[in-house]
Amino acid sequence: MRYRSQRFFKFGPKVHYDGSPHDVRLFGDVLWYSYEFWIETPEERRAGHGMTMCRKDAGGRWRIVSMNNSVTDAAASPEPAH
């Protein structure tokens with residue numbers, strides 16, 4: 001999350017992030033899902049896919065345990081990626 005904040009979200013309202021889940025699995029207090037994503041900033045656009053694992057804590061809140069992304073398309077143009 002720190003990487004995303006420093007790299008992309010520093011652009012504030014001029015950043016657009018969109019995602020589409022593909023496979024979602026729930027195993028008790030563990031959630032696993034894969035997804036495609038698109039992110040656009042004034043400097044670049046990227047598309048890719050990722051996988052996230054979350055776990056519900058003792059207070060009932062979901063926490064990200066692991067998040068992995070792979071970029072499949074990158075360009076130095078702010079044109080829409082989708």
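**Close-up views of a predicted model**

**View 1. A glycine sits in the turn between strands S1 and S2.** In this predicted model, glycine 28 adopts a positive phi near 65 degrees. The hairpin formed by S1 and S2 has 2 residues between its strands.

**View 2. Strands S1 and S2 run antiparallel to each other.** Follow S1 through residues 16–27 and S2 through residues 30–40, and you will find 11 bridges linking the pair. One handy place to look is leucine 26, whose bridge partner in S2 is leucine 31. As you trace the strands, keep in mind that side chains in a regular strand alternate between the two faces of the sheet.

**View 3. Six residues form the largest nonpolar core.** Its members are Phe8, Phe11, Val15, Tyr35, Phe37 and Ile39. In soluble globular proteins, nonpolar side chains tend to be buried together.

**View 4. Isoleucine 39 and the residues it touches.** Leaving aside residues up to four places away in sequence, isoleucine 39 touches Phe8, Phe9, Val15, His16, Tyr17, Glu44, Arg45 and Arg46.

**View 5. Stepping back to the whole protein.** The protein has 1 helix and 4 strands, arranged along the sequence as α-β-β-β-β. Of its 82 residues, 24% are buried. Among contacts with a separation of 6 or more, 44% join residues 24 or more positions apart. The accessible surface is about 5700 Å², with 53% of that belonging to carbon and sulfur atoms.

Terms used:
Residues are numbered from 1 along each chain as its sequence is written. This is a predicted model: local features need pLDDT of at least 70, side-chain atom pairs count only at pLDDT 80 or more; totals for chains, interfaces and linings use all residues. Side-chain values use heavy atoms; hydrogens and water are left out. A nonpolar core is a set of buried Ala, Val, Leu, Ile, Met, Phe, Trp, Tyr and Cys residues joined through side-chain atoms within 4.5 Å. Buried means under 20% relative accessible area, exposed over 50%, partly exposed in between (1.4 Å probe, protein chains only). Contact means heavy atoms within 4.5 Å. Accessible areas come from the Shrake-Rupley method with a 1.4 Å probe; for residues, only the protein chains shown count as cover. Two strands pair if DSSP finds at least two bridges between them.
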